[in-house]
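Colleague: Could you take a close look at the surroundings of the ligand and tell me which residues and elements form them?

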Amino acid sequence: MIRGGIKCAEGVAAAPSISASLSTTTKQSFSSTLRNPSLTSRDHKVVVVGAGSAGLAISHQLLRSGQFTQHDIAVVDPAAWHHYQPGWTLVGGGLRNREELRQPLSGLMDSKLKFYNQGVATFIPEENQVTLDSGDRIGYNQLVVAPGIRIDYQSIQGLPEALADSDSLVSSIYGYDTCDKVFETVRKLGKGTACFTQPSGVIKCAGAPQKIMWLASDYWRRAGLYSYSGDSPIKISFATGLPVMFGVPKYSAKLDEIRRERGIEGDFQHDLVAVNSNTATFALPDGKGQVSKHFDLLHVVPKMGPHAFIKESSLANEAGFVDVDAGTTRHNKYTNIWSAGDASSLPTSKTAAAITSEAPVLVHNLLCTMAGRKFDTQYDGYTSCPLTTEYGKVLLAEFKYGAEPKETFSWLGIDQAKPRRAFYHLKKDFFPWVYFKSMVKGTWGGPKGWLK
Ligand code: UQ1
């Protein structure tokens with residue numbers, strides 16, 4: 001359990017004190033309102049950009065500290081719905097309905113939070129302000145930036161058209177609109193080649209591209225359409241832009257062993273660039289050109305990257321992510337700006353599990369900063385990937401910075417690289433439940449259990 005309340009080391013904070021900073025903000029907002037009277041300007045102690053897993057967990061953890069009153073904290077997000085995205089793999093495997101994995105965003109928000117249901121246009125960190133899509137400006141003392149990343153469907157030529165075509169067997173678990181097409185395509189395929197892709201570059205949940213492959217292959221095996229000997233109507237290939245099955249050697253070795261046992265072809269360093277009818281074209285590394293392959297079913301994972309309003313702001317690092325310290329989650333240049341989740345530069349695998357560990361660190365350090373005290377809490381890079389390796393079994397990869405395993409159940413003498421039924425129930429039943437019941441409300445600390 002994580003202890004409640006905040007305890008900060010005594011000392012002088014690097015960030016400006018609340019009163020000093022707020023009065024500056026107020027003066028600046030007032031003068032900008034005078035310059036342009038159509039602008040409404042409001043100030044908040046904390047503005048949280050994004051109401052996804054990170055934004056909601058952080059906003060509610062801040063609120064639960066007891067240090068904020070009505071509308072001290074504002075949350076900015078243009079979305080109407082909040083999705084439990086880790087569940088989309090289950091939808092692709094026919095285990096869940098996509099409708100039960102989403103809730104109206106406004107209903108998930110505590111009434112003490114001020115909700116701006118719109119996007120952010122620009123950041124003005126020098127003035128402690130954010131411009132909204134409406135043109136309004138809001139001021140902050142502390143800013144949390146957690147809008148996630150965008151899926152770039154255009155990154156693969158022909159993909160948007162192929163996904164939209166209901167007759168094509170091309171789909172993706174990475175979007176609400178396409179995740180239930182995945183199971184339809186799996187059911188429709190009676191024979192031929194099924195290809196599952198993973199791009200090079202940063203994506204969310206780096207294990208998901210193969211999770212859906214393991215489920216589909218198990219579906220076909222049970223239907224008598226696929227056998228591990230390779231002598232069956234369906235053949236399967238995993239075409240990944242990466243040189244290995246997974247970024248952590250311990251789990252990568254196990255997953256490659258499973259791949260070989262199951263007769264799945266591994267096309268490593270194959271980065272999908274185009275889809276044209278039943279042909280997929282891949283870029284090869286080191287100027288080796290391109291290769292085209294025939295497929296009958298294609299599961300695609302598009303490239304992903306930062307939103308333009310982050311990438312083009314002074315908050316971003318060269319890669320376009322919010323440039324924060326890997327331990328403290330605080331911005332490397334602006335001492336009252338913080339980031340967690342997919343939009344952040346935190347050099348770990350982008351998952352909801354990672355947010356269970358990032359959020360308490362960010363919240364603790366932010367509250368200490370507001371109180372004018374030093375902080376000492378560091379995020380260790382914890383992240384997790386519960387990998388469905390078949391119906392009924394999950395390999396629970398958990399690791400931290402340095403691709404080093406950090407397994408929650410090691411004290412039971414369990415090796416989590418071995419797929420298990422208990423982990424399957426964590427993934428399929430417990431995590432979706434605890435997510436909406438506790439995580440978005442700020443009371444779930446992941447491997448540490450419920451937060452006080
Ligand atoms: C977790 O807390 C969580 O959040 C609900 C997940 O959902 C996406 C996870 O996948 C994982 C692994 C955790 C970590 C928690 C435990 C108990 C291992």
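Modeller: What follows begins with the model itself and then turns to the ligand.

This is a predicted model, in which local features need pLDDT of at least 70 and side-chain atom pairs count only at pLDDT 80 or more, while totals for chains, interfaces and linings use all residues. Residues are numbered from 1 along each chain as its sequence is written, and side-chain values use heavy atoms, with hydrogens and water left out.

The mean pLDDT of the chain (the predictor's confidence in each residue, from 0 to 100) is 92, although pLDDT stays under 50 over residues 9-39.

Around the ligand there are 16 residues (a heavy atom within 4 Å), and the closest are S384, P386, E398, W444 and G446. The protein covers 95% of the 430 Å² of accessible area that the ligand has on its own, by the Shrake-Rupley method with a 1.4 Å probe. An N or O atom in the side chain of W444 lies 2.8 Å from an oxygen atom of the ligand, a polar contact (N or O atoms within 3.5 Å).

Three elements, α9 (352-370), β20 (383-390) and α10 (421-439), each supply at least two residues of this shell; helices are DSSP runs of H or I with at least four residues, and strands are runs of E with at least two. By class, the shell divides into 11 nonpolar residues, four polar and one charged, with Ala, Val, Leu, Ile, Met, Phe, Trp, Tyr, Cys and Pro counted as nonpolar, Asp, Glu, Lys and Arg as charged, and the others as polar.

Conventions: Polar contact = N/O pair within 3.5 Å; in protein donor to acceptor, adjacent residues only side chain to side chain. Contact = heavy atoms within 4.5 Å.
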